[in-house]
Every structure is written in C-alpha cells, then in structure tokens.
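Good morning, colleagues. Please have the sequence and the model in view while I speak.

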Amino acid sequence: MHDIRAIRDNPDAFDAALKRRGDAPLSSEILKLDAARRAKILAAETAQAEQNKASKEVGAAKANGDEAEFQRLRTIVAEKKNEISQMQDEAKALDAELTDMLARIANVPAEDVPDGADEDDNVEVNRWGNPRNFDFDPKEHYEIQGVVPHMDFETAAKTSGSRFVMLRGAIARIHRALAQFMLDIHTTENGLTEVNAPVLVRDEAMYGTDKLPKFGEDSYRTEDGIWLIPTSEVTLTYSVANETLDEAQLPLRLTAHTLCFRSEAGSAGRDTAGMLRQHQFEKVEMVSITHPDDSEAEQKRMLRCAEDLLERLEIPYRTVILCTGDMGFGARRTYDIEAWLPGQNTYREISSVSTTADFQARRMNARFKPAEGGKPQFVHTLNGSGLAVGRCLIAILENGQQTDGSVKLPDALAPYLSGKTTLSAIGALI
C-alpha cells in the first residue's frame, strides 16, 4: 500500500517510479479522488461545528422563552444532522475507492533496480560453481532411469488432474530429506525460528500480503471463502498484522515448511512436462520483519542463507537482480537464484528473495515502537524461498545423474538418508 502523503508531496516522483514498471502515471487521478475525499471530510466537520453551535443556542432560546428562535434552531440541528450523516457516508465511499485504487498499484522499485521489460533484462550479480561436463546427453529429471519408477504423474493425474505428481519410495525420501536439511540449517545456523504454519488463510491475510485484490485468480479458494496459501510468506508475514511491536523484538526471523498451492492461471502451456511447475508443491520459506534501517542488510543476509544451501548441495547457480518489468507486484527489490539444470541446459529459478519495504506493513497495519520514544513506525517485511523443495530435488537429480541411470547425491544429505549417497538405476538408496 502506498503512502498517500508521499504522493501528495511528490506526485512527479511517484509517476516516474510507475513509469519504470511500465505503468501509466496515476498521481493526478489519485490526488483528484483524495481531494474530493478530504473536501467531504472538511465539509462534514464544518457542518458538525455548525450543528454544535446551533445545539448550544437551542438551550439559550428555550431559556429565554423565544419559541420561534427555539424552533428555527431545532430545525437547523436536525438538518445538519442529516447533512453530516450524508457527507460522512460519501467520505467513507470515497475513502474506500481511494484505498482500493492504491491497493491495486504495484510497489515502487528501489533506485538500484535495473530498468527493463522482462526476464531478458535481469542483471546477473553472482555465479557459483561450474556446470558439469557430461560424457553423455543429460536427461531431464523425470527421464532419469532411477527416477522414473518413483515419480508418478499418471496416478496423480487420475486423482487430481494435470500438474500434480506422486513421489514414491526413495524419491519421496530424498524430497523429505531436503526439507529437513533446509530447516535444520535455518534454525541452527541462520537464526530463524521454525513455525508450523496453517495453509488456509482468510481474505485479510491475502490482502495484507498483497495477494489480493489483484491476483486472486492465481490462488485457490475454498467454497467457504478460505484461501490455500501460495506460499507461507502469507501466514508468517501476516502473523504481525495489527501489532505494535517493541523495537527490541526486531528483527523477527521466521521459517516454515509448508505445502503451497498456485493455480498457475497465467502460465498455460509452460513447463508442462515433469514437476517444475505444479499446482501443489512444497517450500521452506524465510520471512523477516525488520526495522526500516536494517532491511537493506537483511535482504542480503537472507540471500546468502539461500545461496549457502545450494553450495552445500553442490548445485551450480547464478543470482540475478530482477529488472522493473519482471519484478513481483509487492516487491521493491528482488533477487532470483537460478539453479543449473543440465537436462534443460539452462538456469531456472529456485529462490526469490524480496524486500517490500513498508508496502505490506501499511496494508496490514504492522508497526513498532521506537526505543527512544516517538510515534510508532511501520516495520519492513522481507520474504524469500529457502528453498523451493521440489525444484531443489530436480536440480539434485539432474546434476547428479550418471551414465548408468543412477544419481550421485550430495554429501550434505547423507545424514538425512541413513548415510546413503546414491540413488541406484533401479531407484533404491544405496
């Protein structure tokens, strides 16, 4: 949510920021609506003052026995009462219209975010590891001999439809081990507090974390109006909604491993093979609630947390800063980490780490009390994948595949697999 005062103070800067995202200037339309709202509020306050004045004079007229003046003033009081009620209703309607307009406008990009139209204009800022030279044509994850028996798309389609998968046996265990590995690192080394979070949330939680009203079609909603989360960013971030924290409580660093659900409404025909893009998937999410002065450093810290996991899992990756045209609606700045997938011969996103600054905090009224006193301020919120479990599984399988159809697994997972280090060509852990 945008600060209307900032738009009033510098409408040209606001329009320039929207232009960087490829959006039309909106400040004049916003300020026109804001002026009408403020005028109605002022008129209601003026009428209220007139009503109060007339109410006091009614008593004096009564005491003086001036019946004509008494009746005249009573009429004024009644008229003003109706006038005030009508103007207050009109002001509320204009306020709701303004709030809805502001809620549909994307966050403004940080100054260091590169301008661009789409993913082709993202800028690489880091690269780790060298893609392996195979002495055979590497396969995609779902084609590897040892994987095929335990990655079941047909049964999942029979029970649930397209873009679902059933993982069985060793593949299911590796998938589970990855999530446990991520959680253990985050909680024991990265200072995050684990949360067992709900996957069903109310409208307010989706709105507060900028998933509504604009992107409802991208998520699933139950018949009784509860939403399936697209990521536990929603649950973890909204946990501080309508709270005023003590500054000493900041930063709050949270993590959760949950199921996630996305309709993929805007991705028809993309990545239909394999389990790269699913309606149901699992993520280990990172969320930080910070003091505004600390959010820049916090984003870099969260980015390193995600990159470190890939390095431990021996997966080559590159990190890019998203350009203005590829950045998410609520983000002020986003870094994507892309894992190397030899089966596709390209890098694919495995984590996004974003700062929203106070964009979400304004929507959900999350504040903190400064230690030195003064008015409560909005917190800053950040979120990042730490990591997407299914995509991490894909990267491990493709990067570790061998000529005979087996897969060499990263040493970091051995403690979670009873010391096993290989998925055999028949799909067994050995």
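This is a predicted model: local features need pLDDT of at least 70, side-chain atom pairs count only at pLDDT 80 or more; totals for chains, interfaces and linings use all residues.

Residues are numbered from 1 along each chain as its sequence is written, and side-chain values use heavy atoms, with hydrogens and water left out.

I begin with the helix pair. Helices (H or I, at least four residues) and strands (E, at least two) are DSSP runs, numbered from the N terminus. Helix H6, residues 169–188, packs against helix H9, residues 295–312, at an angle of about 130 degrees, and their axes are 11 Å apart. Axes here are lines fitted to C-alpha atoms, for helices over the stretch in contact, and angles run from 0 to 180 degrees between N-to-C directions. H6 is therefore oblique to H9; angles under 35 degrees count as roughly parallel, over 145 as roughly antiparallel, 65 to 115 as roughly perpendicular and the rest as oblique.

Which residues make the contact? H6 contributes Phe181, Met182, Ile185 and His186, and H9 contributes Cys305, Asp308, Leu309 and Arg312, where contact means heavy atoms within 4.5 Å.

I turn to the cores. A nonpolar core is a set of buried Ala, Val, Leu, Ile, Met, Phe, Trp, Tyr and Cys residues joined through side-chain atoms within 4.5 Å; buried means under 20% relative accessible area, exposed over 50%, and partly exposed in between, with a 1.4 Å probe and protein chains only. The largest core has 49 residues, of which Leu178, Met182 and Leu397 touch the most other members. Elements giving two or more residues to this core include H6, H9, strand E10 (280–290) and helix H11 (389–400). H6 gives the most, with 10 residues. Leaving aside residues up to four places away in sequence, Met182 touches Val284, Leu309, Gly386, Leu387, Val389 and Cys392. A second, separate core has 16 residues, among them Ala241, Leu245, Ala256 and Ala366.

Thr290 lies in strand E10 and is buried, with a relative accessible area of 1%. Beyond four places in sequence, its contacts include Leu250, Pro251, Glu298 and His380. Val320, in strand E11, is buried, with a relative accessible area of 1%. Among the residues that Val320 touches beyond four places in sequence are Asn122, Val125, Tyr335 and Glu338.
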